[in-house]
Structures are given as structure tokens and as C-alpha cells.
Amino acid sequence: MKEKGEKNMHILFTSGEAYPFSKSGGLADVAAALPKALHQLGHDVAIITPYYQDVKNHHAQMNYLGHAEIVMGDHHKVANYYTLTHNGVPYVFVENDEFYDRKRYYGYDDDAMRFTFFNFAIFEYIKLTENYPDIIHANDWQTALVPFFLDVKYRPLNPEFKRIKTLLSIHNLEKQGSYPLETEKLFNTKNFTYIHLDRVNFLKCGIMRANAINTVSDNYRHEILTRFYGFTLDGALKSRQADLYGILNGLDQDLYDPSKSKNIYQTYNEQTLLIGKKINKRELIKELNLDSRPNLPLVSFIHRFARQKGIDILMPILEDYLKEKKFLFVVIGYGDALYEQFFSEMQRKYPDLVYYDNTFNNELSQKVYAASDLFMLPSLFEPCGLNQMIAMKYGALPIVRETGGLKDTVTAYNKFTGVGVGFAFKNYDATEFKETIDQALELYHQDPDAFNDLKRQAMHVNHSLTKMAKQYDELYHKILNNQD
Ligand code: GLC
């Protein structure tokens, strides 16, 4: 048995996406940042992730490790393993062109098979390399079958597999990997733990079987035990409540630092923030051809376009602000067509006030964070949220709904004490959202000193990777020391 601090651990981090090789959302950022920070703490950590089309650009840097045959019912498929090292951490890519040589990562008819394959391939990689981890860290539905396959197929094979423990992190409870019952044929064995509402549910399987489970903020950990936030899995989560933890995501300070960023017009820090942001705003307005009248606040919205992000309560109120020329509005993102159309329409109608970029342009988004006075994230639900943390680092004040990780990261402005790093409202309601925007705009115009103090306080907040990694370290130890 290992005592805390006695030995560094060997962790295999499994993820459906990992920055900078693949990214569709915040999971990719955490999948890069957490292993990097664990490595810096001295742990032996590797990441395993699918070899998508996007990954091919990096092929020249990779070494071939070998292959394995994966059997899923009547299907026999081959997994090829490639590796490279990034930030000191080995990345292992599982290649099968039939499954992963595609533009998008998820959302195909054969996702159930593509990710059943990936979960098996994780174990076949361990078998091939005989590189047995202490912990396999699974993330979201894409790798939630790991605890199940470990139990039914691999633990019985040898004592090395037998001692492996698992942690499942939930970054998104809405996406569960729910498929028709016949999917179970791919598992080569039957079991009830993956059944949910008469379907096979990958995430539920992981929740029932992992040694421990966590979400990415403490507040969200409590919310998901309720019916509204539980997305039908609140019962399963309640049954595992004693093993359910909340660990707030950290932000990679090396990637988001306005005093070093090469992408912005003018670097700045807490001391030089006023002049720095002024220059960034002036230059961005010029570059994007926006209205350059003095003192128009710049508000930004940089997100995946999903229902989660609260665009439904922005849509009924945004145009009133634009009609009255209350602020400049810069949007970066793509996703649900309904939302894309809405922002395109706003840009068409108010070209001097609205700029909409429907890609995920990292360079432009850093410029926009640096130029912004305010940043919106009125989420319906939010496990953690990373972009509000980035906004704060760049001295842009978030306007958020008090939910999930937004509640844990954004202290709302208190007009009596002057303390705060943003603005917040409680209910998912357009009127409440509007009142909060009005409050922010009023402070911007009526009390610029107080507004600038908030910007400084926002920049000062440090959700470091080390802090996050230490909490995972502690949780891994707890799991390893638990004998059942
Ligand atoms: C998902 C969640 C987001 C979280 C991220 C990383 O994208 O929606 O709230 O920050 O995962 O954990």
C-alpha cells in the first residue's frame, strides 16, 4: 500500500480530445493542462487519445509503437499506436483511419463503435507496452467504459491489471454517449451497469463503476445531484455521492498571459493595464472596422454555440442595446445553426457595432480578450467554464449567471465594498441578465475608477494549474489507499 508522498504515481490520462492536437471544447484544454501540471509535480503521466484527421499534421514527430487487434462482437479492427512528447508528456495516439480519419470528432452514426473501440484500445496499449498505470483517469462519455472493461475483461488477466484504479471526471453531463441497446453486442459481455432508460449509456456506466468520480467545480458537484442539472443521471450520481468530488479547473497561465502574448497589439500587466487595454481596444476597433466613437464599451462573447452557453437569453435583449448603440459586440464561435444565423444577422444589421467570426481563431480571440471591457457567459449550466477565467486574466470583466463553476470563479461586484471581479445574476431569465448588463454599463460610465479597480482585481485572480494538479494528486492517493 502506498502512503501519501511515498512514491510518484503512474497515471494514464484518457481523453476524446487533447490540445493542441485536437480540440472541440474545454475538455481538450484540461486534457493538456492537467497532465502537464502532474508531470511538473513529478508524476509519470501519459495521455492517450484518438488519431483524428487534425492530428496528421504532427505525424513527422511521431514514433510508431505497435498495433493490436480489437474484437467487438463480430467486428475485428486494428489499432495502431503512435507517440510523441509534448510539454514533457508522452501523447499516445490510437490510429484507425476508418474510425478517426474524419473532420469532426463526434456526432457520427457509428460513434458507439468508434468509442467502444477506443476504450478497448486503451487497454490493448497497456498490454502491448506492459506499461501498467496505477490510475487510469477517464474523462466524459468518450472514455467512460474504461472502468467496465477493466473489471470484466482486463483485471482477471493478471495482477498488474488487477491493481489499477480508475477516476472518471465529468466535464459535460449533458453528453452521455447514449445508444440503442444492441450496442452491447460490441462489449463481448452483458451487464446491467451500462443500462439507462432502456439504452446503453456510456457515462452512466462510468459513474456506477469508477473508483471515484469528480466534476470540474465544487458548486457543479452539488448541482448535478438535483433533477434540473442531473440530466436524468442525478439518481446514479446520488448512489455514488460518497465518492463524488469537485475539483476546480485551473488555467494554463503560460498560454494566457497578456504580459507575454505575442498575438495582442500591446502587452500589459496589472500595473500597465489601463494604457495596455486602451491600445488593444483602439487597434482592434481599427482592424475590425468598428465604430470608433470614444467611450463605447467593448463586449465580447467567445464560446461554443450550444444551448448550455445561454445564447437563448441573450437573443431577446441584444438588439435593443445595438439599436441604441450602447456597446460594440465581438463574437467568436460556431455551433448550433440557429445561433450562428442570429449572430450573422446582427452583424449584417449593425456592421459598425458587431463583428462575428465563425471560426475558432486563437490569435483573434486573444486580441479580443485584450480589447474587451466586458465578457458574457450567461450559461444555462456550466461545469466549470474556462473562458471567463481567460477573460479575467486579460482584464475583461465577466457577466455571468451564478451557476456551476461560474459561481465558484466570479465574485460579483459589491458596490459597498468595491470588491469583485465581474457581474452576476441568479435566474436563467433575459430580464435579470439585462439588469446585470445595465449595472455593468452604468458603472463603466459613472464610475470608471471603480470599474478599473475591478479589472485589476480580475487580472489578479490566479486559478493555477499547480493548485488543480495538487488536488488531483490528493484524490488519486485517496483512491489508491482505499482498499475496496
Ligand atoms: C466542458 C464544460 C466546461 C468546462 C470544460 C473543461 O467544456 O462545459 O464548463 O470548463 O468542459 O472541464
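Start by selecting Leu197, which is exposed at a relative accessible area of 60%; exposed means over 50%, buried under 20%, and partly exposed in between, using a 1.4 Å probe and protein chains only. The model you have open is predicted, so local features need pLDDT of at least 70 and side-chain atom pairs count only at pLDDT 80 or more, while totals for chains, interfaces and linings use all residues. Numbering runs from 1 along each chain as its sequence is written, and side-chain values use heavy atoms, with hydrogens and water left out.

**Stop 1: around Leu197**

Keep Leu197 selected and check its backbone: phi is near 50 degrees, a positive value in a residue other than glycine. Leu197 sits in the loop between strand S9 (195-196) and strand S10 (199-201). Strands here are DSSP runs of E with at least two residues, helices are runs of H or I with at least four, and both are numbered from the N terminus.

Now go to the loop between strand S8 (178-179) and S9, where you will find Thr183. Is Thr183 buried or exposed? With 7% relative accessibility, Thr183 counts as buried. Its side chain reaches the backbone oxygen of Pro180 at 2.7 Å. That is a polar contact: a pair of N or O atoms within 3.5 Å, where within protein one must be able to donate a hydrogen and the other to accept it, and residues adjacent in sequence count only if both atoms are side-chain atoms.

Glu182 belongs to the loop between S8 and S9, and at 55% relative accessibility Glu182 counts as exposed. Draw a C-alpha to C-alpha distance from Glu182 to Arg199: the two are 17 residues apart in sequence and 8.5 Å apart in space.

**Stop 2: helix H6**

Select residues 202-209 to bring up helix H6, where seven of the eight residues are buried. Colour the buried ones: Phe202, Leu203, Lys204, Cys205, Gly206, Ile207 and Arg209.

**Stop 3: the ligand**

A polar side-chain atom of His171 lies 2.6 Å from an oxygen atom of the ligand. On Glu382, a side-chain N or O atom is 2.5 Å from a ligand oxygen. Pro383 takes part through its backbone, with an N or O atom 3.5 Å from an oxygen atom of the ligand. Taken alone, the ligand exposes 310 Å², and the protein buries 95% of that; these areas come from the Shrake-Rupley method with a 1.4 Å probe.

The domain bounds come from an automatic or database domain assignment.

**Stop 4: the nonpolar core**

Next, select Tyr81, Phe329, Phe343 and Phe423, the residues with the most contacts inside the largest nonpolar core, which has 175 residues. Such a core is a set of buried Ala, Val, Leu, Ile, Met, Phe, Trp, Tyr and Cys residues joined through side-chain atoms within 4.5 Å. Helix H3 (residues 111-129) supplies the largest share, 11 residues. Domain 1 and domain 2 both give residues to this core, so it lies between them.

**Stop 5: two backbone details**

From H3, step to Glu130, in the loop between H3 and strand S6 (135-139). Glu130 has a positive phi of about 50 degrees although it is not a glycine, and at 61% relative accessibility it counts as exposed.

Finish at Pro20, in the loop between strand S1 (10-14) and helix H1 (26-40). The peptide bond to inspect there runs from Tyr19 to Pro20: it is cis, with omega near 5 degrees.
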